[in-house]
Amino acid sequence: MILPLVASIAVAGFNGRIQAAPPQAPPTPVIPAESKEQKDARMAWWRKARFGMFIHWGIYSVPAGEWDGKTNYAEWIRESAHIPVDTYNQFQQKFNPVKFDAKAWAKMAHDAGMRYLVITSKHHDGFNMFDSKYTDFKVTNTPFHRDPIKELSKAVRAEGLKFCLYHSIMDWHHPDYLPRRGWEVKDRPADGADFSRFIQYLRNDVQQILTDYAPLGVVWFDGEWENTWKEPYGSELYALCRTVDPHVIVNNRVGHARDRQLGDYSTPEQTIPATGLPGVDWETCMTMNDNWGYNSHDHNYKSVKVLIHDLVDIASKGGNLLLNVGPTSEGTFPPEAVDRLNGIGAWMKVNHDSIYDTTASVFPKLDWGRCTVRTGSKRSKLFLHVFDWPVDGKLVVPGLKNKIRGARVLGGPNVVAEQTGSGVIVTVPMPPPNEIDTVIEVDVDGAPNVSAN
Ligand code: JFZ
């Protein structure tokens, strides 16, 4: 346990009276040594999970994307709309999400098939959505008074999901954070700002979320790209996390410029790497519409079909999907988000075995869909995700050489899979059981064996 800087050690003075020694700077945390096996054990739950919920929630949900007649803002509204900090801080006293129901949120994540949930404890605006000991700019100092992060942590764990927190390094509120926003320097000069004092505030806040809201599955850092955040700050912050909780996973946005050498996995944003990131743990984070934070005018939601295809595409490339919801200032999920979660959940209820605890496809490319795999010591399962159903009822699986043990439609009938020597032909029912993605599980002997030609 590393004591926050404010802690000090009282020692007996020469005359025997107790005197407070000056605050001792805590030792610089060192990244704990870890073998490959130990890291594999730490990452195991995350690699099996494949699917999580991202939540961007803060006082920016009060303006809901609208300012000065424009309606295209969201969580960046203070920066993008050039709102002076004192004006922005007024949203704190307007934040009262009376409809917030942690159990309902956790159930929606669970029923959608998500296995972890990452919510913003602090975004770039600097507002703490938890009961921080180190600032008054926090949710318990609003008309709401409650700590939604604490309530959600309990509800999420009760649903069997891992509870995780997003924490921004960049901070547009703390007086010691540098640089100031360019447009506000004149009215909010940096005189007296001490970045090292900000770093200690950040470390104290991070230590608190790892302690008072333990156990966290992941600390999802962000806002690491500005030139003030340079090494060794990232390494020390990573080391702090792993020292306070050796089991915690930390993403790659802890080090300046998302150095993949720092942090435990890569975080492509709003994009799916064409061939995945071989040999690297990675997670695509993605919005359902066009914004992370709530925008009351943004109804441009992806369809359930597109979202399921994205999930499957990502899993077929060996990655995780972190799918975002931006709740309203009342504490509710937008109705379109609820609809999409329900649609994904209905598909996952039948097909979750083709997502959880699977690895990347063994085929270079499949014209009709995707493949996910679970390799066993003696037998393996190939999950064939058929987006485009064969009109003649014959699904051709090119190059698969394994002896076939059996095949079935997930949630449906057994089917015949014939080994032709140059591949496998599966005779499938007509019409497809699921128009979006019908999954055929093919059980084979040994590890998957696919020839290039
Ligand atoms: C960051 C945040 O700024 C955003 O609000 C959201 O939280 C997202 C998940 O993460 O988005 C970024 C950050 C950096 C870049 C682009 C988007 N960048 O450096 O291009």
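**Exercise 1. Find where Asn 289 sits, and work out why it counts as buried.**

Step 1: Look in the loop between strand 8 (283-287) and helix 8, where Asn 289 is found. Helices (H or I, at least four residues) and strands (E, at least two) are DSSP runs, numbered from the N terminus. This is a predicted model, in which local features need pLDDT of at least 70 and side-chain atom pairs count only at pLDDT 80 or more, while totals for chains, interfaces and linings use all residues. Residues are numbered from 1 along each chain as its sequence is written, and side-chain values use heavy atoms, with hydrogens and water left out.

Step 2: Check the accessibility. Asn 289 counts as buried because its relative accessibility is 9%; buried means under 20% relative accessible area, exposed over 50%, and partly exposed in between (1.4 Å probe, protein chains only).

Step 3: List the contacts (heavy atoms within 4.5 Å). Setting aside neighbours within four places in sequence, Asn 289 touches Asp 298, Asn 300, Tyr 301 and Lys 302. Asn 300 lies eleven residues from Asn 289 along the chain, with 5.0 Å between their C-alpha atoms.

**Exercise 2. Trace the open sheet of four strands: what is its order, and which strands are at its edges?**

Step 1: Read the order, which is 10-11-16-13, with antiparallel pairing. Two strands pair if DSSP finds at least two bridges between them.

Step 2: Find the edges. Strand 10 (369-375) and strand 13 (404-409) each pair on one side only. From one strand to the next, the twist averages 20 degrees.

Step 3: Zoom in on strand 11 (residues 379-386) and strand 16 (residues 438-445), which are joined by eight bridges. His 385 has Val 439 of strand 16 as its bridge partner.

**Exercise 3. Describe helix 7 and what its buried residues pack against.**

Step 1: Take helix 7 (residues 233-244), which has twelve residues.

Step 2: Pick out its buried residues, among them Leu 237, Tyr 238 and Cys 241.

Step 3: Follow the packing: the buried residues of helix 7 lie against helix 1 (36-49), helix 6 (195-212), strand 6 (218-222) and strand 7 (249-250).

Note on methods. Axes are lines fitted to C-alpha atoms, for helices over the stretch in contact, and angles run from 0 to 180 degrees between N-to-C directions. The expected span of a helix is 1.5 Å times one less than its number of residues.
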